[in-house]
Amino acid sequence: MRTRLDKWLWAARFFKHRTAATEAVDGGKVKLNGAAVKPAREVKAGDRIDVTIGEETRSVVVRAIADKRGSATVAQTLYEETTASIEQRERARELRKLAAPPGADLHGRPTKRDRRRIDRFGGY
């Protein structure tokens with residue numbers, strides 16, 4: 001059995017809407033067996049899909065085919081994430097914990113004191 005790539009991504013709950021899945025495939029955020037493809041490309045069991053959502057990339061192997069969206073427990077049976085992908089996500093999570101995001105110390109608009117400091121060091 002086969003189904004469209006965008007339908008499968010939606011059914012496997014990688015994207016909330018099928019339109020978002022289609023746009024991700026068109027935008028090059030999804031690769032099928034290492035190659036950029038179109039949303040209508042058919043997916044079969046055993047294919048490897050690399051999905052980039054935000055800064056996170058997941059590599060999964062297709063285990064089952066579905067063209068209808070079901071519950072989250074059913075969606076998890078459609079694929080198996082590779083061990084390398086899991087390790088990479090864990091490493092990225094640890095790095096995010098250690099490094100504060102830029103602007104974390106800023107809370108809203110600068111105060112008068114902050115503005116003076118900014119002006120003293122060269123401003124924007």
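**Reading a predicted fold, one feature at a time**

Q: What can be said in the same way about Arg-13?

A: Arg-13 also has a positive phi in a residue other than glycine, here near 65 degrees, and its place is the loop between α1 and α2. With a relative accessible area of 39%, Arg-13 counts as partly exposed.

Q: How many helices and strands does the chain have, and in what order do they run?

A: The protein chain holds 5 helices and 7 strands, and when they are read from the N terminus on, the order is β-α-α-β-β-β-β-β-α-β-α-α. The radius of gyration is 20 Å, well over the 14 Å that the globule rule gives for 124 residues, so the chain is more spread out than a compact globule. Along its principal axes, the C-alpha trace spans about 65 × 30 × 30 Å.

Q: What share of the residues is buried, and which residues touch the most other members of the largest nonpolar core?

A: In soluble globular proteins, nonpolar side chains tend to be buried together. In this chain, buried residues make up 27% of the 124 residues. The largest nonpolar core has 22 residues, and those touching the most other members are Leu-5, Trp-8, Leu-9, Phe-14, Val-30 and Ile-49. At least two residues of this core are supplied by each of α1 (5–11), α2 (18–26), β2 (30–32), β5 (48–53) and β6 (56–62), with α1 giving the largest share, 4 residues.

Q: Which residues is Trp-8 in contact with, once its neighbours within four places in sequence are left aside?

A: The contacts of Trp-8 include Thr-3 and Phe-14, as well as Ile-49, Val-60, Val-62, Ala-64, Ile-65, Ala-66, Leu-78 and Tyr-79. For the protein chain as a whole, among contacts with a separation of 6 or more, 43% are between residues 24 or more positions apart.

Q: Where is Thr-82 found, and what does it touch beyond four places away in sequence?

A: Thr-82 is found in the loop between β7 (79–81) and α4 (83–98), and not counting residues up to four places away in sequence, Thr-82 touches Ser-59 and Val-61. Thr-82 and Arg-48 are 34 residues apart in sequence, while their C-alpha atoms are 9.3 Å apart in space. The relative accessible area of Thr-82 is 22%, so this residue is partly exposed.

Q: How many residues of helix α5 are buried, and what follows this helix?

A: Helix α5 (residues 112–120) has 9 residues, and because the number buried is 0, the helix lies largely in the open. α5 is followed by Gly-122, whose phi is positive, near 110 degrees.

Q: What does the surface of the protein chain come to, and how far apart are the mean positions of its charges?

A: The accessible surface comes to about 8800 Å², of which 51% belongs to carbon and sulfur atoms. The mean positions of the 28 positive and 17 negative charges are 4 Å apart.

Technical notes: Residues numbered from 1 in each chain as written. Predicted model: local features only at pLDDT ≥ 70, side-chain atom pairs only at ≥ 80, totals over all residues. Heavy atoms only, no water. Rg over C-alpha atoms; globule rule 2.2 N^0.38 Å. Buried < 20%, exposed > 50% of the residue type's maximum accessible area, 1.4 Å probe, protein only. Contact = heavy atoms within 4.5 Å. Areas by Shrake-Rupley, 256 points an atom, 1.4 Å probe, with all protein chains shown as cover. Lys, Arg positive; Asp, Glu negative; His and termini not counted. Charge placed at Lys NZ, Arg CZ, Asp CG, Glu CD. Core = buried A, V, L, I, M, F, W, Y, C linked by side-chain atoms within 4.5 Å.
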